[in-house]
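Open your viewer and get ready to select residues by number. Each stop below tells you what to pick and what is there.

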Amino acid sequence: MIPLFKQKSPGNIVVLLIFGLIIKLPLFIYPKTIITSENDGQLYQAFIRSLPVVNSYACSLLAFVLLYVQSLLVNFLVNEYRMISRHNYLPGMAYLLITSLLPEWNYLSSPLVATTLIIWMFIKLFKLYNLPNARPQVYNIGLLAGISSYLYFPSAAFILCILLGLMILKPFRLNEIILFLLGCLTPYYFYGIYLFLSDALNFRNFIPHLSFKVPVLKNSIWLAVSTLLLAIPFLMGGYFLQLQMRKMLIQVRKDWSILLLYLLLAFFVPFINGNQSFYAWVLLAAPFAAFHACGYFYQPRMLISQVLFFGMTGYILYLQYGTKTWH
């Protein structure tokens, strides 16, 4: 499978879809409706209420569509900005594999929906490097950040990552920073107008609850193995990435630095209003997929890549069908 996804063939979009259907089949065998929490934004709550019929199969289908679209977005991000030396479909494949390591990463939730906008934000951010007039794009990035925080409030922390990314990619311009912040505040402005017109404008309704605490998580052997399977290809990808750095353009080096910031920040976001579930850590999947793809692509011994791929796939299938984790 690794040589197949290493190819640039457009037909791999269909292969990726088939692979996703196989690896995500338990979504439809053991469907689950919706994961809700106090961190769900007003926009996400309105979206759920707008669904005509909330049933487990419809929610599973919607979750799968989101995961597949996100895998294509991650694949586009890595290929469009030459973050790997040749176009391939390994990032999309890695994303579908990674999100299968924990059942919570496959269910419809506010972090899963917000992840789509967050990946889109970084696609637009990386585009700024070669834009002579970046102001409209900067505002749009801020708008996406603001909307994502109304889907999953802790994702507002990515505003910090985007600000650092703007400073890394381009010379510091105060007007661009202000435009970005205005874009972030635009959804809050319109929501404030809505609350005012409905005579419900107060601090509690306008500003979501905010606290910082360590999530209380249940340890298990499956969590330990899943973490190990996340870490090994990531470390391998990071090692080969360092070897390739000298051959990369300055823009690509900056893009990888920003993606590493994305990964570090995504690790701490679940500590905002932390709870007892892993679903919020789905934000980690996109940057992990990019590093995993490097590990598969640059590994000189194809046997090692194949063993890693089939080992992870076999573990996921056993986790899905041989244990009660997905039931």
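This is a predicted model: local features need pLDDT of at least 70, side-chain atom pairs count only at pLDDT 80 or more; totals for chains, interfaces and linings use all residues.

**Stop 1: helix α12**

Select residues 221-244, which make up helix α12. How far apart are its end C-alpha atoms? They are 35 Å apart. At 1.5 Å a residue, the 24 residues should span 34 Å, so the two values agree.

Now color the buried residues of α12, among them Leu 223, Leu 230, Phe 234, Gly 237 and Leu 241. An α-helix has 3.6 residues a turn, so residues three or four places apart point the same way. The buried list also includes Ser 226, Pro 233 and Gln 244.

What do these buried residues pack against? Show α6 (90-98), α13 (250-268), α14 (285-298) and α15 (302-321) to see the partners.

**Stop 2**

Go to Arg 82, in the loop between α5 (56-80) and α6. Its phi is near 55 degrees, a positive value in a residue other than glycine. Is Arg 82 buried or exposed? Arg 82 is exposed, because its relative accessible area of 53% is over the 50% cut-off.

**Stop 3: the nonpolar cores**

In soluble globular proteins, nonpolar side chains tend to be buried together. Here the largest nonpolar core has 105 residues. Select Met 93, Phe 122, Leu 125, Phe 158, Trp 256 and Tyr 262, which touch the most other members.

Zoom in on Phe 158. Beyond its neighbours within four places in sequence, Phe 158 is in contact with Ile 118, Met 121, Phe 122, Tyr 262, Leu 265, Ala 266, Val 269 and Leu 283.

**Stop 4: Gln 320**

Move to helix α15 and pick Gln 320. At 0% relative accessibility, Gln 320 is buried. Where does its side chain reach? Show Ile 23: the side chain of Gln 320 reaches the backbone oxygen there, at 2.8 Å.

**Stop 5: the salt bridge**

Side chains of opposite charge can pair when their charged atoms come close. How many salt bridges does a search of the whole structure find? It finds 1.

Select Arg 173 and Glu 176, which form a salt bridge. Their closest N and O atoms are 3.9 Å apart. Arg 173 is partly exposed, with a relative accessible area of 38%, whereas Glu 176 is buried at 7%.

Key: Residues are numbered from 1 along each chain as its sequence is written. Side-chain values use heavy atoms; hydrogens and water are left out. Helices (H or I, at least four residues) and strands (E, at least two) are DSSP runs, numbered from the N terminus. The expected span of a helix is 1.5 Å times one less than its number of residues. Buried means under 20% relative accessible area, exposed over 50%, partly exposed in between (1.4 Å probe, protein chains only). Contact means heavy atoms within 4.5 Å. A nonpolar core is a set of buried Ala, Val, Leu, Ile, Met, Phe, Trp, Tyr and Cys residues joined through side-chain atoms within 4.5 Å. A polar contact is a pair of N or O atoms within 3.5 Å; within protein, one must be able to donate a hydrogen and the other to accept it, and residues adjacent in sequence count only if both atoms are side-chain atoms. A salt bridge is a side-chain nitrogen of Lys or Arg within 4 Å of a carboxyl oxygen of Asp or Glu.
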